[in-house]
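The sequence and the structure come first.

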Amino acid sequence: MSKKEALQRLHERNHDICTCELKKTATHPVFGEGNPESEIVFIGEAPGKREDLESKPFVGSSGKFLTEMLTTIDMKREDVYITNTVKYRPPDNRDPLPEEKEECKDWLYEELRYIKPALIVFLGRHAMNTFFPDLKISDIHGKLIEKTFTDFPDTTHFLALYHPAAALYNGSMRETLIKDFKKIPKILQKIKTAKI
Ligand code: URA
């Protein structure tokens, strides 16, 4: 079985057993997607309307912006792995509730244990606060964070960025996000060099 097929099975199994309330109102589940060998995993908040209809993460306007930013660092969507803290769209695009994030957490941990990325990039404060509840994105964006989690011990480096949807129409936040995003290649290099 290829790594892609194994990941697909991981998602299907978790979808079958998931008891999250959001599953009842979503049109489709939105599984993580991309290269299972990726050095980077991007974690967003929750699927929106378009993602719910197409059953794919980040395919709406924030996804377009994310793809554009990937191009600026010579990467394509297919090179990386993109997922969300919850796999079902919250009704009316409200924020996912803490208990909903908790329900989907083991699923996310399983993805991370499977991929073992060198770097996890949080897209927005919701994704960051799932792992670092006490940090403020305005203080920490663009700075490398190091921590070991027992649930996925192979990944110890994290970077929090503003969410593309929040930055899309906010000039200064957009500039900051683009600037922070461009740090990714150097950060990756630094992590890899430190591991040698
Ligand atoms: N915003 C997110 O956080 N995730 C998506 O998949 C789409 C938009």
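How are H4 and H9 oriented to each other? The sections below begin with that pair, and they describe a predicted model throughout.

## Helices H4 and H9

The axes of helix H4, which spans residues 61–72, and helix H9, which spans residues 171–181, come within 10 Å and cross at roughly 45°. Because angles under 35 degrees count as roughly parallel and those from 65 to 115 as roughly perpendicular, H4 and H9 are oblique to each other. The crossing in which H4 passes H9 is right-handed.

On the side of H4 the contact is made by Phe 65, Leu 66, Glu 68, Met 69 and Leu 70, and on the side of H9 by Arg 174, Leu 177, Ile 178 and Phe 181. Sorted by class, the contact of H4 with H9 has seven nonpolar and two charged residues, with no polar ones.

## Helices H1 and H5

Helix H1 (residues 3–17) packs with helix H5 (residues 98–115) at an angle of about 165°, and their axes are 10 Å apart. Since an angle over 145 degrees counts as roughly antiparallel, H1 is roughly antiparallel to H5. The crossing of these two helices, H1 and H5, is right-handed.

Lys 3, Ala 6, Leu 7, Leu 10, His 11, Arg 13, Asn 14 and His 15 are the residues of H1 that meet H5, where their partners are Trp 107, Glu 110, Glu 111, Tyr 114 and Ile 115. By class, this contact of H1 with H5 has six nonpolar, three polar and four charged residues.

## Asn 84 and Thr 85

Asn 84 lies in strand S3, which covers residues 81–84, whereas Thr 85 is found in the loop between S3 and H5. Asn 84 has a relative accessible area of 2% and is therefore buried, and Thr 85, with a relative accessible area of 1%, is likewise buried.

Leaving aside residues up to four places away in sequence, Asn 84 touches Ile 43, Gly 44, Glu 45, Ala 46, Pro 47, Pro 57, Phe 58 and Leu 108. Under that exclusion of residues up to four places away in sequence, Thr 85 touches Ile 43, Gly 44, Glu 45, Pro 96, Lys 101, Cys 104, Leu 108, Ala 127 and Thr 130.

## Positive phi at Asn 93 and Lys 116

Most residues other than glycine have a negative phi. Asn 93, although it is not a glycine, has a positive phi of about 60°, and Lys 116, also a residue other than glycine, has a positive phi near 50°.

Asn 93 is found in the loop between S3 and H5, and Lys 116 lies in the loop between H5 and strand S4 (119–123). With a relative accessible area of 45%, Asn 93 is partly exposed, and Lys 116, with a relative accessible area of 47%, is partly exposed as well.

Key
Residues numbered from 1 in each chain as written. Predicted model: local features only at pLDDT ≥ 70, side-chain atom pairs only at ≥ 80, totals over all residues. Heavy atoms only, no water. Axes fitted to C-alpha atoms, helices over the stretch in contact; angles between N-to-C directions. Helix = DSSP H or I, 4+ residues; strand = E, 2+ residues; numbered from the N terminus. Left-handed = near helix turned anticlockwise from the far one by under 90°. Contact = heavy atoms within 4.5 Å. Nonpolar A, V, L, I, M, F, W, Y, C, P; charged D, E, K, R; others polar. Buried < 20%, exposed > 50% of the residue type's maximum accessible area, 1.4 Å probe, protein only.
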